[in-house]
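Have it open while you read.

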Amino acid sequence: IALPLFPLVGCSSGSGRQDALTRVRDPKLSPPTRAEAVVEAWNESEGIPSEREAVRKTLKDLAWSTPVPGEIRLAAIDQLMNDTDPAGLEDSRAMARLLLPNELNRAIVTYLANLSAARDWTDMTPAIVRQWARDLPEEPDRVEERAIRKLHPGVDPARVVFGVFVDPQTDPGPYKLRWDLRTRAAAWDVLARLDTDGTLRASLLSPGADVPMPADDKTLSDLRACYSELGVVPRSGEELRWLDRLRDPKNAANVAWWNEVVSIVSGLATDQRAGLRLFHLEHVRWASTHRAEWIRASREELLSTLADRLRGRVTHERAKGVDYTKQVPERLAGQEARLSWGDALSLLVLDEAFHNGPMNQAIFAQITLDRNDRSTEYGGMITSLRQGGFAATLYPPRPSNRLGDMKFIASEDLIASSDLALSHYHFHVQKVQNREYAGPSEGDLDYAARLGRVCVVLTSLSEGVLNADAYFPGGYVIDLGEIARP
């Protein structure tokens with residue numbers, strides 16, 4: 001990669017630079033012809049500063065223009081990255097640092113990542129991490145990881161990414177774009193894949209870790225408080241944003257909630273605290289007030305109580321549009337080994353909400369609204385009430401998020417309002433008899449993982465009966481059975 005991908009080609013006699021640039025810009029010409037003209041224009045401007053500057057500007061415009069065919073863009077980038085003038089090459093590298101994070105053309109991503117690794121451009125690490133954060137399940141072997149390993153030999157990539165999180169090494173950019181915060185969030189999302197259970201991040205956040213962290217950095221202070229006071233490490237970038245809101249000193253309700261939860265969690269046994277996540281905490285707080293016996297119970301005792309409640313209920317597995325049930329059965333008996341103490345407690349609290357209270361009156365009223373609106377699926381949040389009951393608050397998707405009657409997109413209003421919610425929920429009620437879709441879709445499971453939330457999907461079985469399925473960020477699903485109209 002030290003040499004250009006597009007070698008020197010002969011130029012037409014007497015045509016000059018202007019003709020080559022004209023062919024570069026001509027959309028009627030084929031991409032190979034225009035790519036060849038890119039190389040020709042670049043080579044003809046060698047040693048002529050005024051002409052080289054004009055060609056450089058044209059090639060940079062091509063590099064940034066996503067509608068331009070990738071072959072032409074890659075030819076332009078290749079010439080810029082092999083500039084023999086030090087000042088010109090530095091300008092090209094600055095462009096690459098800005099271009100790579102949001103680039104969608106995988107050939108260009110591969111080129112820039114490999115080039116950075118080959119030339120030991122460690123300053124490209126944050127840009128590579130931001131690109132790595134893009135979810136590409138069709139590419140399990142990512143070029144970004146290979147580049148990071150070459151740039152930082154002998155260092156665990158997860159530690160490299162954590163270092164980018166601590167110090168994004170990214171200019172905030174103009175107009176409050178905050179590219180540094182985007183880099184930090186991207187690094188946390190990458191860590192969610194590399195450090196799935198949060199063990200590494202927990203060790204790096206501990207007071208004895210050899211990771212220097214600025215004392216005045218709110219995000220880092222919040223993370224350390226979350227780990228030291230609750231034993232919880234947010235897994236995804238969305239959970240990190242959730243933590244930021246929970247720790248907002250200007251939000252009196254969140255501050256009071258945090259202090260109450262810290263006090264409760266400090267009294268839990270070690271095995272109860274194992275695997276605790278942010279989405280468990282409101283369930284713990286509710287149970288400590290209204291079901292104190294559950295707080296004192298072990299994981300096995302909670303699972304036994306849950307099994308007794310679910311025994312004999314009619315359940316329904318999803319049969320269409322998803323194949324997760326082949327690997328992830330919805331029955332408690334098939335999932336017990338995966339459930340933590342917090343998971344079991346959350347299931348009991350949600351079961352209480354849907355099977356022992358007046359909340360279902362609101363649920364069935366909302367179904368009518370959803371069924372009459374063919375532009376989207378409806379959903380909202382389940383919250384606890386002061387006296388111990390529960391409420392289902394509807395948040396219809398915004399117009400821009402209405403992608404059809406088979407998809408629910410949570411609005412920013414829902415996410416911002418649900419800091420203290422027990423769960424998110426949505427409906428599968430397109431038809432009165434919709435049992436073949438009784439359960440979360442693959443997109444629903446991705447939603448739970450990305451937001452770090454326990455969620456419930458409610459499916460219409462008949463005019464007066466719903467099926468409730470709870471699903472977790474870990475991808476497991478528990479069928480809570482049928483719910484009848486009050």
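1. Histidine 283 sits in helix H16 (residues 281-290); helices here are DSSP runs of H or I with at least four residues, strands are E runs of at least two, and both are numbered from the N terminus.

2. Some housekeeping. This is a predicted model, where local features need pLDDT of at least 70 and side-chain atom pairs count only at pLDDT 80 or more, while totals for chains, interfaces and linings use all residues. Residues are numbered from 1 along each chain as its sequence is written, and side-chain values use heavy atoms, with hydrogens and water left out.

3. Back to histidine 283: what does it touch, not counting residues up to four places away in sequence? The list is Leu345, Ser346, Val349, Leu350, Leu422 and Val454, with contact meaning heavy atoms within 4.5 Å. Take leucine 422: its C-alpha is 6.2 Å from that of histidine 283, though the two are 139 residues apart in sequence.

4. Now have a look at H7 (residues 125-132). Because 8 of its 8 residues are buried, H7 is largely enclosed by the rest of the structure. Arg130 and Gln131 are among the buried ones, as is Trp132. The cover over the buried residues of H7 includes helices H5 (86-99), H6 (106-118), H8 (143-151), H9 and H10 (179-194).

5. H9 (residues 157-166) packs on H7 at an angle of about 105°, with the axes 10 Å apart. Axes are lines fitted to C-alpha atoms, for helices over the stretch in contact, and angles run from 0 to 180 degrees between N-to-C directions. H7 and H9 are therefore roughly perpendicular (65 to 115 degrees; under 35 is roughly parallel, over 145 roughly antiparallel, the rest oblique). Thr125, Pro126, Val129 and Trp132 of H7 meet Pro157, Val160, Val161 and Val164 of H9. That makes 7 nonpolar residues, 1 polar and no charged ones, where Ala, Val, Leu, Ile, Met, Phe, Trp, Tyr, Cys and Pro count as nonpolar, Asp, Glu, Lys and Arg as charged, and the others, Gly among them, as polar.

6. H13 (residues 237-246) and H14 (residues 252-266) cross at roughly 100°, their axes coming within 8 Å, so this pair is roughly perpendicular too. Leu243, Arg245 and Leu246 in H13 face Asn254, Val255, Trp257 and Trp258 in H14. By class, the contact has 5 nonpolar, 1 polar and 1 charged residues.

7. Two loop residues for your backbone check. Aspartate 120, in the loop between H6 and H7, has a positive phi of about 60° without being a glycine, and at 49% relative accessibility it is partly exposed. Glutamine 169, in the loop between H9 and H10, has phi near 50° and is exposed at 52%.

8. Last, the strands. S1 (residues 379-384) and S2 (residues 390-394) pair in the antiparallel sense over 5 bridges (pairing takes at least two DSSP bridges), with isoleucine 382 opposite alanine 392. They form a hairpin with 5 residues between them, and glycine 388 in the turn has a positive phi of about 110°.

Notes:
Buried < 20%, exposed > 50% of the residue type's maximum accessible area, 1.4 Å probe, protein only.
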